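The model is shown below.

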Amino acid sequence: MSDIGKSITQFIIEQQRVHKKSTGEMSGLLNDIVSACKKISHLVNRSGIIGIGGAAESENVQGEVQKKLDIITNDVMVDHLNWTGHLAAMASEEIEEIIQIPANMPKGQYLIAFDPLDGSSNIDINLSVGTIFSILRCPEGVKDPTVEDFMQKGTEQVCAGFCVYGPTTMMILTTGKGVNGFTLDRDVGEFILTHPNMTIPEDTAEFAINMSNQRFWEAPVQRYIDECMQGVDGSREKNFNMRWVASMVAEVYRVLTRGGIFLYPLDTKPTTKGGKLRLLYEANPMSFIVEQAGGVSSTGYQRIMDIKPESVHQRVPVILGSKNEVERVMGYHTE
Ligand code: AHG
Ligand code: MN
Ligand code: MN
């Protein structure tokens with residue numbers, strides 16, 4: 001029987017039953033995240049009407065001007081996750097230090113790192129934004145997690161997902177057994193499985209990169225994009241199409257749907273040296289999802305999920321998507 005049409009709640013509980021030793025804590029945590037994302041979807045949708053669009057008067061730890069919704073969605077995530085007893089601590093793009101569970105609340109066995117609102121520069125122009133999350137196990141015996149406990153490689157993730165608030169709101173989820181996509185049925189208030197077993201085609205003729213950074217790229221990326229741009233007249237002997245939404249959630253969703261390669265590479269731009277995207281709550285969860293869908297995710301030099309993190313807000317270059325294209329770019333880095 002096809003799983004299409006199942007609610008995300010049923011899907012999660014059925015997956016939990018497959019694991020004999022499961023305590024249900026992961027299912028509980030996923031339900032908390034689902035609730036938070038439904039609330040965020042509602043707020044993003046109504047932001048203009050209720051006056052929560054536009055910039056706030058603050059900057060985040062990375063010196064980026066925060067949007068009002070960056071702060072509000074961070075609070076929604078924290079408020080939905082800090083009391084249910086499934087987490088031992090949290091890390092958020094919007095908060096410098098890790099976030100502890102209040103002393104009067106029970107603690108659980110998981111850690112979460114999240115980007116509450118990805119692509120927030122797109123909020124005021126009514127383009128897709130999203131929420132990204134990565135779930136790790138809290139190391140055994142640790143009652144009061146520190147930053148060190150979050151410094152786990154992407155390969156240690158037990159679950160990752162993202163929600164994209166676009167023409168429809170969708171939740172994409174992996175627990176290491178493939179990738180499934182759910183669409184929010186607003187009338188019923190449930191995410192419904194609409195895209196089971198999402199897979200990324202191995203080949204593609206579509207790339208996504210912020211071309212305005214071209215003069216800052218390293219030689220291997222210059223070469224790759226140059227060859228794409230030459231189309232049928234160049235060594236690739238085929239034409240490429242280009243997209244750049246500036247919301248990683250929208251780009252990765254597109255890659256999962258019809259293939260493609262997405263690059264935010266290493267560059268020499270003063271503001272983004274070392275890459276722009278953050279390892280813990282952007283690059284790692286997206287890499288887990290992309291690999292689970294048959295794609296590849298690399299810095300150009302190494303597999304992203306093999307990087308041992310050194311700080312909560314560490315940035316990395318990201319090149320992900322259709323296997324054959326990403327491997328080609330990786331090859332250019334080692335030549
Ligand atoms: P965030 O809004 O969480 O800071 O993330 C934005 C990220 C990512 O979603 C996107 O791919 C990239 O930044 C866009 O960067 P540019 O504006 O430099 O193109
Ligand atoms: Mn982001
Ligand atoms: Mn963000």
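Glu 327 is partly exposed, with a relative accessible area of 37%, and Lys 323 is also partly exposed, at 28%. Here buried means under 20% relative accessible area, exposed over 50%, and partly exposed in between, with a 1.4 Å probe and protein chains only. Lys 323 forms a salt bridge with Glu 327, a salt bridge being a side-chain nitrogen of Lys or Arg within 4 Å of a carboxyl oxygen of Asp or Glu. The two residues are four apart in helix H8 (residues 323-334), so about one helical turn separates them. Helices (H or I, at least four residues) and strands (E, at least two) are DSSP runs, numbered from the N terminus.

This is a predicted model, in which local features need pLDDT of at least 70 and side-chain atom pairs count only at pLDDT 80 or more, while totals for chains, interfaces and linings use all residues. Residues are numbered from 1 along each chain as its sequence is written, chains are lettered from A and ligands numbered from 1 in the order in which they are written, and side-chain values use heavy atoms, with hydrogens and water left out.

The structure holds 17 salt bridges, including these:

| Salt bridge | N to O distance |
|---|---|
| Arg 258 and Glu 206 | 2.9 Å |
| Asp 306 and Arg 303 | 3.4 Å |
| Glu 93 and Arg 278 | 3.5 Å |
| Lys 323 and Glu 327 | 3.6 Å |

Arg 258 is partly exposed at 45% relative accessibility, whereas Glu 206 is buried at 9%. Asp 306 is partly exposed at 34%, and Arg 303 is partly exposed at 32%. Salt bridges that share partners join Glu 64, Glu 93, Arg 278, Glu 282 and Arg 315 into one network.

Glu 93 (OE), Asp 115 (OD) and Leu 117 (O) coordinate the manganese ion (ligand 3) at 2.3 to 2.4 Å. Donors are N, O and S atoms within 2.8 Å of the metal (3.2 Å for Na, K and Ca); water is not among the atoms, so sites may look incomplete. Glu 93 is buried at 5% relative accessible area, and Leu 117 is buried at 1%. The manganese ion (ligand 2) is coordinated by Asp 115 (OD), Asp 118 (OD) and Glu 282 (OE), at 1.9 to 2.1 Å. Its donors follow the spacing D-x2-D-x163-E along the chain. Asp 115 bridges the two manganese ions, which lie 3.7 Å apart. Both Asp 115 and Asp 118 are buried.

The domain assignment, which is automatic or from a database, gives domain 1 (8-195) and domain 2 (206-334). Their contact takes 49 residues from domain 1 and 32 residues from domain 2, where contact means heavy atoms within 4.5 Å. The centres of the domains, taken over C-alpha atoms, are 23 Å apart. About 2,900 Å² is buried between the domains, and carbon and sulfur atoms give 65% of this area. Buried area is the accessible area (1.4 Å probe) that two parts lose on being put together, summed over both. Three salt bridges are counted between domain 1 and domain 2.
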